[in-house]
Amino acid sequence: MSPSLLTAEGLSGLLFLGFIAITLLGALIATHAERLIRSVAGLALCFLGVAGLYYYLGSPFVALMQLLIYVGAVCVTIIFAIMLAENAGSAKAATGKTFAAIFAVLCPGVLLAALVELAMKTDWSPVARATTAGGQAPAGSVADIGISLLTTNAVSFELISVVLLAAIVGSLVLARSGRTKS
Amino acid sequence: MNALQLSNELNTYLILGALLFAIGVYGMVRRRTFIGMLISAELVLSGASVNFMAFNHFQAPGPVTGQVFTLFIMAIAAAEAAIALSIIIAVYRNYRSIDADEVADLKG
């Protein structure tokens, strides 16, 4: 059965198509824009679309984290680096040898064809989920994520914080070295 | 299959993840600046995250595994971006350029 456009399901499907379009458009802008600042804007657009997809996959928490971390932190950091490092004359396009252009299209094209073929050919029959007493699969809510982070994945959770600390200290050291004292 | 019901299909997400991955690889080959390559790497990572979330929703026996993995990917990606950008700043200080072709000197 196909829902009409004016029902709730139809509108939600339309919104989903919009998110897909935003994601792909953002990704294309991110790789094709001539100026780096525009390509960061495309990246933010793409992440916005991906956050919408996460919402459709039933996890608003991860969608919110996607917005906070990627759009709010990673993109802003990249913009800072561009403002520090891009010289005005570096807006030259990816001029290039024909061979490089062909290779750049061919290599991901083959990968994409293989992945799509794999996704279409495989029989994705649902795996039996651990069900609750009501016979319904657990929803994977924020509470479940929190419990899982503090029980099953506690060690990885702590290790991630160590990795982040090392990254902060390492990036400070790297960016500071060679700077003249003034 | 109706186009409005695509959000209930696993294949939609898998193909979208593959597209993000392919666009990211294309950008990584094509871009000439370090920051452009970093942006493409972020695209590849988000393609992988989409796959994890899709399998978490449609296939996985545990309901939170993919979500937790996606959160870890986000943390790693943030750390990676910070490190890569500080390296880019250090390179820019030495070469006055972030073009990958111009940074071609070896020490010695």
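**Entry 1: the contact between the chains**

I began with the contact between the two chains of this predicted model. Chain A contributes 80 residues to the contact, and chain B contributes 68 residues. I then looked up which elements of chain A give two or more residues to the side that touches chain B. They are helix 1 (8–32), helix 2 (36–56), helix 3 (60–85), helix 4 (98–121), helix 5 (142–150) and helix 6 (154–176) of chain A. Sorted by class, this side of chain A holds 58 nonpolar, 19 polar and 3 charged residues.

**Entry 2: chain A on its own**

I noted that chain A has 6 helices and 0 strands, and that its elements run α-α-α-α-α-α from the N terminus on. Chain A is divided into domain 1 (1–88) and domain 2 (141–182). I recorded 24 Å between the centres of domain 1 and domain 2 of chain A, taken over C-alpha atoms. Of the 182 residues in chain A, 25% are buried. For contacts in chain A with a separation of 6 or more, I found that 42% are between residues 24 or more positions apart.

**Entry 3: chain B on its own**

Chain B has 3 helices and 0 strands, in the pattern α-α-α along the sequence. Along its principal axes, the C-alpha trace of chain B spans about 60 × 25 × 20 Å. I also recorded that 54% of the 108 residues of chain B count as buried. Among contacts in chain B between residues at least 6 apart in sequence, 47% join residues at least 24 apart.

**Entry 4: a helix pair within chain B**

I next examined helix 2 (residues 34–58) and helix 3 (residues 65–95) of chain B, which pack at an angle of about 175° with their axes 9 Å apart. Because of this angle, helix 2 of chain B is roughly antiparallel to helix 3 of chain B; the cut-off for that term is an angle over 145 degrees. In this contact, the residues of helix 2 of chain B include B:Leu38, B:Leu45, B:Ala48 and B:Phe52, and those of helix 3 of chain B include B:Ile73, B:Ala77, B:Ala81 and B:Ile88. By class, the contact of helix 2 with helix 3 of chain B has 15 nonpolar, 6 polar and 1 charged residues.

**Entry 5: helix 2 of chain A and helix 2 of chain B**

I turned to helix pairs that join the chains. How do the axes of helix 2 of chain A and helix 2 of chain B cross? They cross at roughly 5° and come within 11 Å. These two helices are therefore roughly parallel to each other. Among the residues that make the contact are A:Val40, A:Leu43 and A:Phe47 of helix 2 of chain A, and B:Ile35, B:Ile39 and B:Leu43 of helix 2 of chain B. I counted the classes for the contact of helix 2 of chain A with helix 2 of chain B as 13 nonpolar, 3 polar and 1 charged residues.

**Entry 6: helix 6 of chain A and helix 3 of chain B**

For this pair, the axes come within 8 Å and cross at roughly 10°. Helix 6 of chain A is thus roughly parallel to helix 3 of chain B. The contact includes A:Ile160, A:Leu164 and A:Ile168 of helix 6 of chain A, as well as B:Phe72, B:Ala79 and B:Ile83 of helix 3 of chain B. I recorded 15 nonpolar and 4 polar residues in the contact of helix 6 of chain A with helix 3 of chain B, and no charged ones.

**Entry 7: two residues of chain A**

Lastly, I looked up two single residues. A:Ile78 is found in helix 3 of chain A. Is A:Ile78 buried or exposed? A:Ile78 counts as buried because it has 24 C-beta neighbours inside 10 Å, and 20 or more are needed for that term. Beyond its neighbours within four places in sequence, A:Ile78 is in contact with A:Val40, B:Ile35, B:Leu38, B:Ile39, B:Ala81 and B:Leu85. A:Ile78 and A:Val40 are 38 residues apart along the chain, and their C-alpha atoms are separated by 7.4 Å.

A:Thr31 lies in helix 1 of chain A. A:Thr31 also counts as buried, because it has 26 C-beta neighbours inside 10 Å. Leaving aside its neighbours within four places in sequence, I found A:Thr31 in contact with B:Ile23, B:Tyr26, B:Gly27, B:Arg30 and B:Ser40. I also noted that A:Thr31 and A:Phe19, 12 residues apart in sequence, are 19 Å apart in space, C-alpha to C-alpha.

Key
Residues are numbered from 1 along each chain as its sequence is written. Chains are lettered from A and ligands numbered from 1 in the order in which they are written. This is a predicted model: local features need pLDDT of at least 70, side-chain atom pairs count only at pLDDT 80 or more; totals for chains, interfaces and linings use all residues. Two residues are in contact if their C-beta atoms, placed from the backbone, lie within 7 Å. Helices (H or I, at least four residues) and strands (E, at least two) are DSSP runs, numbered from the N terminus. Ala, Val, Leu, Ile, Met, Phe, Trp, Tyr, Cys and Pro count as nonpolar, Asp, Glu, Lys and Arg as charged, and the others, Gly among them, as polar. Domain bounds come from an automatic or database domain assignment. A residue is buried if 20 or more other C-beta atoms lie within 10 Å of its own, exposed if 12 or fewer, and partly exposed in between; C-beta atoms are placed from the backbone. Axes are lines fitted to C-alpha atoms, for helices over the stretch in contact, and angles run from 0 to 180 degrees between N-to-C directions. Angles under 35 degrees count as roughly parallel, over 145 as roughly antiparallel, 65 to 115 as roughly perpendicular and the rest as oblique.
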